[in-house]
Amino acid sequence: MRPLLEIRDVSVRFGGVKALSGVSCDIAEGEFLSLIGPNGAGKTTLLRVVTGQVKPETARIILAGQDITSLATHSRIRLGLAITHQIVRPFRSMTVLDNVALAVGHERLNRVLPALVSRDRTKERRRALELLKWVGISDMAERDVFGQPLGVLKRLEVARAMALEPKVLFLDEPLAGLNNIEAARLADTIAEINRQGLTVVMIEHNLGEVLRVSRRLVVLDNGVKIGDGDPGEVMHDPAVRAAYVGKEGSDAAA
Ligand SMILES: Nc1ncnc2c1ncn2[C@@H]1O[C@H](COP(=O)(O)OP(=O)(O)O)[C@@H](O)[C@H]1O
Ligand SMILES: [Mg+2]
């Protein structure tokens with residue numbers, strides 16, 4: 001069967017910096033793939049090429065058989081790509097529920113004739129509440145997004161991304177800044193979302209959680225893919241250990 005997402009030969013240059021060199025990766029429907037590598041390896045850049053936010057030197061991106069390489073970001077989102085960002089910033093004061101309802105509303109506007117969208121927000125709010133339950137923050141529905149702790153904002157990001165009813169959910173360091181307990185809980189939530197059928201691609205530095213929840217590991221180092229496969233096997237690869245874990249880390253893990 002054809003992969004859901006085909007990422008072919010991605011090369012990116014920022015001025016004198018070669019951020020990615022010929023990276024390819026096929027992602028099958030239903031996978032839970034984690035993308036790891038040292039800071040500056042090119043992980044976020046790869047995601048941004050897939051979503052169309054960074055213009056590559058070379059690349060071909062195919063989603064569900066459709067070549068999306070030259071499409072604008074909003075068109076790619078409409079076709080099923082959703083991304084959560086490393087740094088979460090709510091853009092204006094509103095309740096947690098309305099923040100998600102807005103994302104649900106955008107989804108509806110994109111899919112049906114605007115004339116058919118009712119002014120009544122009841123449906124959007126009902127769907128938003130379902131999503132908040134999914135990510136475990138429905139208690140916070142009527143609170144203002146400002147002043148919410150990072151753990152809630154990270155979950156809110158996931159709910160907003162799911163409101164777009166994506167085919168693939170990309171998460172850029174969803175666990176960063178969370179304590180161990182919160183990180184494990186959010187990783188469980190993401191794993192459950194994946195178990196329900198959504199394809200997940202997660203950039204993450206928290207190796208413990210990565211190894212616990214993901215079923216495939218892709219490793220970037222200096223813009224080059226140096227590992228791809230079963231997480232346990234990839235982590236035992238000497239090249240990956242040398243590049244990613246580093247000398248001390250690989251001794252400690254030995
Ligand atoms: N917009 C940009 N302009 C210039 N250089 C960039 C830009 N984005 C990323 N880079 C550089 O590209 C390389 C890869 O960055 P990035 O994809 O953010 O790595 P990672 O997410 O793996 O930490 C780094 O050297 C970074 O400094
Ligand atoms: Mg990054």
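Two strands are taken to pair if DSSP finds at least two bridges between them. Strands (E, at least two residues) and helices (H or I, at least four) are DSSP runs, numbered from the N terminus. The model is predicted: local features need pLDDT of at least 70, side-chain atom pairs count only at pLDDT 80 or more, and totals for chains, interfaces and linings use all residues. Residues are numbered from 1 along each chain as its sequence is written, with chains lettered from A and ligands numbered from 1 in the order in which they are written.

Strand E6 (residues 81-84) pairs with E7 in the parallel sense, over four bridges. Ala-82 has Leu-169 as its bridge partner in E7. E7 also pairs with strand E8 (residues 199-203), in the parallel sense over five bridges. There, Val-200 is the partner of Leu-169. Five of the five residues of E7 (residues 168-172) are buried (20 or more other C-beta atoms within 10 Å of the residue's own, C-beta atoms being placed from the backbone). The strand is therefore largely enclosed by the rest of the structure. Val-168, Phe-170 and Asp-172 point one way from E7, and Leu-169 and Leu-171 the other way.

How values were computed:
Buried ≥ 20, exposed ≤ 12 C-beta atoms within 10 Å, placed from the backbone.
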